Amino acid sequence: MKYLIHLIFLLIFIYGEGLYGQNVQFEFNQLKVGNTYTEITASSVIQDNNGYLWIGTKGSGVFRFNGSEFVRFDREKGLPSDFVLDVNISDNGSVWVSTLDGTVNITNDKVVKEQDSVFSQRVDKIIPAVGDSLFFLSENEIFLYTDSKVYPFDIPQLYNNEKVSALIYYDDLLYVGTSKGRLLMNKDIGEYDALKISSSPIISIKGLGENELAIVSNEDIYTLQNGKVRNFIKEFPNLYRAGVTDVLKDYQGTIWISSLKGLFSINENKVINYGPSNGLNATDIYDLHLDLNGMLWIAGGNSGVFNYRGDQFTYLNTKPENLGIITRIYQTTQGSTTNWVTTLGNGAYRISSKDTVNLADITGEEWLRNELFTSVSYGGGALWFGTSDGRLIKFKDGFIDSYSLKPYTNGKINSLARSKNGIWVATENGLILFTNTVVRYFDQSDGFNSSKINDIYSDEFNNLLIATDKGLYKLINGKVESFDLGKDQNVKITQISKSKDQDYWLSTLGSGLIRIRNDKVTWFTKNEGLSSLNTFNLFIETSRKIWFNTDNGLECIIINESGNAEETIAYGEEDGFYGISRYPHALSYSSNNLWVGTDNGITLVKRSPNILGNSEPKLFLKDISGNYGESPLEVDEELKKYINSDEVISIENDVTTLTFYFDCIDLIGKTDWVYRYRLLPAEKYWSPASTQRIVSFSNLKPGKYTLEFKASNLNETNSIEPIKINFSILPPWYESPWFLLVAGMGALFLVVMIVNLSISSLRNYNRKLEERIEERTREIQKQKDEIEEKNEEYEAINEKLKEANDTIHKFNKELKRKVSERTASLEEANKELAYLNKELDTFMYKASHDLLGPLARLKGLCHLGKLEVEEEVAVKYMSLLSNSADEMYVILKKLIDIISIRENDPKIKNVDYQKIIKTAFKEANVKNGLPFELDIINNYDKPISTDPELLKRVFYNLFLNSIQYSDISNENSKVKIDIVPNGKYVNFYVTDNGVGIREESKSHIFDMFYKGSERSKGSGLGLYISKVAMDKLGGKIRLVESTNGKTTFEISIIK
């Protein structure tokens, strides 16, 4: 009951209000459009329904941005002109782009131009209406586009010489601004109310929400709400009155005004001008957009595009009850609203907006309720908890496993970090790598000055930074190296964190904070405003705002653009913050709150919702296609309807190849995402990590499937919540339930009819049988007499059959003579064919041999040409010609080898086949220069009689293929040879752990000139030569198996 009360207070606190404190920061993040620093003028910015950002430019086309890459659409991709006038999104999500020379829409990465003449002329503004309807404002004329047709749109209320200068469809009404400063409001078809707004032309109208409009003229800025007009220029004379380009209102009620003289905001009668002096490195602002997450995006002309997180307002609160000493607050996935909280003595809790649950209640393991947990991490699909007495507890699929780390440690586990190799465990006695057992152990004997490991950080390359009581260390490729921190190498480090700008931050006991940027070390001490040099943990909110705990309470250091400390803000009991946080990683950010684990429970730094939101990364499904786009799929609803829902997409059976196109929107993140997927129930395990966002499946059997897709960094220390799509492959018509039902009913009806007919037939048959018995009895005597007569006839027929048999015998004898003559003719033809084949081999051998000389001279001339010719183009083509000659030289040599093997008898002798194998492996490995291992397991330790040179060629070609098709993601590439006697043969099983052979290539790998992969750099003759050599030796070579990660060939040689 006590803990239930604690949890209730915690939930009340999460959703409650707190005390007010304030810290203002202008944090503008600048993006160079197209990832380039060449001059590109960003003139408009807008977000589509999927979350993509679209950026129009003056002279460079339009760009689509997902947070990590820009996709450009310009004249080469179908845009009428690279000078973009406007970009807008229709109500149904279509992207429309107007340029100097016409208007197009962009659908599924394709630029589509409609046929009407309006789409070939200049359109100044695109105004979305309902559904797919649009208004086009073209040189003071209005056109309505609806149902794929264009209609002129007249406004009869215009005065003479009065023209339309602005237009908006807002709250189901059409508003028209005119060149005489009037605002016309459409109240019914053809009827308008007019309102005089300005003495100068109205140049733009924007909706601000709650029936409020912003109206911009050449001289003033107005708002109209409920019939009341407000003049901003009169209220705020210091506003820039000319060159205003856009107006919008954010979720907090702040009005933003962009102009050619900078960016302005108005909130509670306070005007702020943003420019280079206070964080916005741009003056010409062309457009504003508030995205789906409330983030403000700014088109800053030649300075690119900016996003703005808003002013940071801090609210502090703490709850009256607590959960005891908090040791760790952890999010399993980025952006999750669920936190795991570990405590000393009160177990672990899962806290979300829905509930707060103890791990003991989730698992039914009551002993977990009072466990002393010190750390938590996620890896391998499980949550891992560390305890104060050196145990690891794994929570997966509702079950608990406990592992003791004795004798390596019996002290507390300070920190956990996941990697692709396992879970790294920081203990009081050293560093441990753990899977389901201890894999590696590091202590002072491996290079540490202290075996007390306080924290570890695993980067995307699975290298470690290690915080100890005596300095910072790196673990690279299994080797411990000391990191040079400058003035104090033995500093006691309590936590390591990494910002999105790749800066490492360290909290220490006695030395303040340390930042490592590009191996440059910066110390932050009391000189930078820290109240104490004892810092226990930290949290990086942004690259300019670092939260940390000291023995005086909670503090936040603000970093300026130069990387120096601007100010440090301390929060203590007078601000409502109680308790000290002494454990690393007891700071986290979730649900717009900063979570602080202290000795007195959890304290939340309650943030007002970001003035302009917080853009979290998002996965979504872009498109689905069948048979590589040749079979369009009929999906009635928007694809997002099917994401993470029970809805099922039905796919017809004639779709043999199904392709899913995913994407990731991360507009402000700097994580290099990689992607994994699995198809349930066909695939139990996740695919290897890849940057590919296209997933294809072929020949799926009818049934229901679930495709799961997720994103993370390379070692999964940072991840996005997976998404899933349910789809069903419909069976062919002859396997459909209705057909099987009809067929079953038809079969049953047929059986019943057959049974009824059979019974009726049996009755009739029985009656007739009785009649026939009587009749047959009478006929038997008559037939007996007839039989005697027939016997005489049969004797005459028998005589005729004897005569026919003699005739057949003569025919067979003649047939045998003709077959013998035909056989002799075929043998003669075979001899002539063998002679021609031999002549062909001789010609190929001589031709190949004769071509080697001219090729050698050609290579020599190319070499001399590169030495004597100075023009780069000529040298380049000389090099290409020389390379082509080299390739032809290799092919000719291999053709000569093939003919030589065929024509010459093998030189059989006793050979040391192990030595031959090792020599062939060494030559193949030296040629490719890759780190490969050879493992020979010999179960037949006797010499064999064979041709050593032919045997070497067979193994050389196999080794060359193993190395060439090795798995570059596998750090332990190797070839294993098992030697096993088998009757009169000795079998050699050659196995590698490369990428394997595709199914469609397995039947062709021994064909001449066959290349089974785009990675092949050879001539396609290697395995063919091996086959010819084994045939010559009287042996065999065959492919035993090939899957992703394992390929085995069998070579059988006579003893």
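These legends describe close-up views of a predicted model. Local features need pLDDT of at least 70 and side-chain atom pairs count only at pLDDT 80 or more, while totals for chains, interfaces and linings use all residues. Residues are numbered from 1 along each chain as its sequence is written, and side-chain values use heavy atoms, with hydrogens and water left out.

**View 1. An open sheet of 4 strands is built with antiparallel pairing.**
The strand order is E11-E12-E13-E14. Strands (E, at least two residues) and helices (H or I, at least four residues) are DSSP runs, numbered from the N terminus. Two strands pair if DSSP finds at least two bridges between them. Strand E11 (125-128) and strand E14 (149-153) are the edge strands, each pairing on one side only. On average, neighbouring strands of this sheet are turned by 25 degrees against each other, direction ignored. Axes for such angles are lines fitted to C-alpha atoms, for helices over the stretch in contact, and angles run from 0 to 180 degrees between N-to-C directions. Strand E12 (residues 134-138) and strand E13 (residues 141-146) run antiparallel and are joined by 5 bridges. Phe136 has Phe143 in E13 as its bridge partner.

**View 2. Strand E47 forms a hairpin with strand E48.**
Of the 7 residues in strand E47 (residues 492-498), 5 are buried, and the strand is mostly covered. Buried means under 20% relative accessible area, exposed means over 50%, and partly exposed lies in between (1.4 Å probe, protein chains only). E47 and strand E48 (residues 504-509) run antiparallel, with 6 bridges joining them. Ser507 in E48 is the bridge partner of Gln495. The hairpin has 5 residues between the strands, and Gln502 takes a positive phi near 70 degrees.

**View 3. Strands E53 and E54 form a hairpin, with Cys556 opposite Ile569.**
Strand E53 (residues 553-559) runs antiparallel to strand E54 (residues 565-571), and 6 bridges join the two. In this hairpin, which has 5 residues between the strands, Gly563 takes a positive phi near 90 degrees. Cys556 counts as buried, at 2% relative accessibility. Cys664 also has 2% relative accessibility and counts as buried. A search of the whole structure finds 0 disulfides, a disulfide being a pair of cysteine sulfur atoms within 2.5 Å.

**View 4. Arg64 and Asp109 form a salt bridge.**
A salt bridge is a side-chain nitrogen of Lys or Arg within 4 Å of a carboxyl oxygen of Asp or Glu. The structure holds 33 salt bridges. In the Arg64 and Asp109 pair, the closest N and O atoms are 2.4 Å apart. Arg64 is in strand E5 (residues 62-65) and Asp109 is in the loop between strand E9 (102-107) and strand E10 (110-112), so the pair links distant parts of the chain, 45 residues apart. Arg64 is buried, with a relative accessible area of 8%, whereas Asp109 is partly exposed at 39%. A network of salt bridges links Arg64, Asp109 and Lys622.

**View 5. Glu212 pairs with Lys249 in a salt bridge.**
The closest N and O atoms of Glu212 and Lys249 are 2.6 Å apart. Because Glu212 lies in strand E20 (residues 212-217) and Lys249 in strand E23 (residues 244-249), the pair ties together parts that are 37 residues apart in sequence. Glu212 is buried, with a relative accessible area of 5%. Lys249 counts as partly exposed, at 24% relative accessibility.

**View 6. Glu1050 and Arg1038 form a salt bridge.**
The closest N and O atoms of this pair are 2.8 Å apart. Glu1050 is in strand E71 (residues 1046-1054) and Arg1038 is in strand E70 (residues 1036-1043), 12 residues apart. Glu1050 is buried, with a relative accessible area of 10%, while Arg1038 is partly exposed at 42%.

**View 7. Trp733, Tyr734, Trp738 and Val742 form a nonpolar patch on the surface.**Together these residues have about 520 Å² of accessible area. Accessible areas come from the Shrake-Rupley method with a 1.4 Å probe, and for residues only the protein chains shown count as cover. Patches are made of residues with over 30% relative accessible area and no salt bridge; like charges are joined within 9 Å, and nonpolar side chains (Val, Leu, Ile, Met, Phe, Trp, Tyr) within 5 Å. Tyr734 is found in the loop between strand E64 (719-729) and helix H4 (737-868). Tyr734 is partly exposed, with a relative accessible area of 44%.

**View 8. Ile197 lies in the loop between strand E18 (191-196) and strand E19 (202-209).**
Ile197 counts as buried, at 10% relative accessibility. Ile197 and Thr178 are 19 residues apart in sequence, and their C-alpha atoms are 9.9 Å apart in space.
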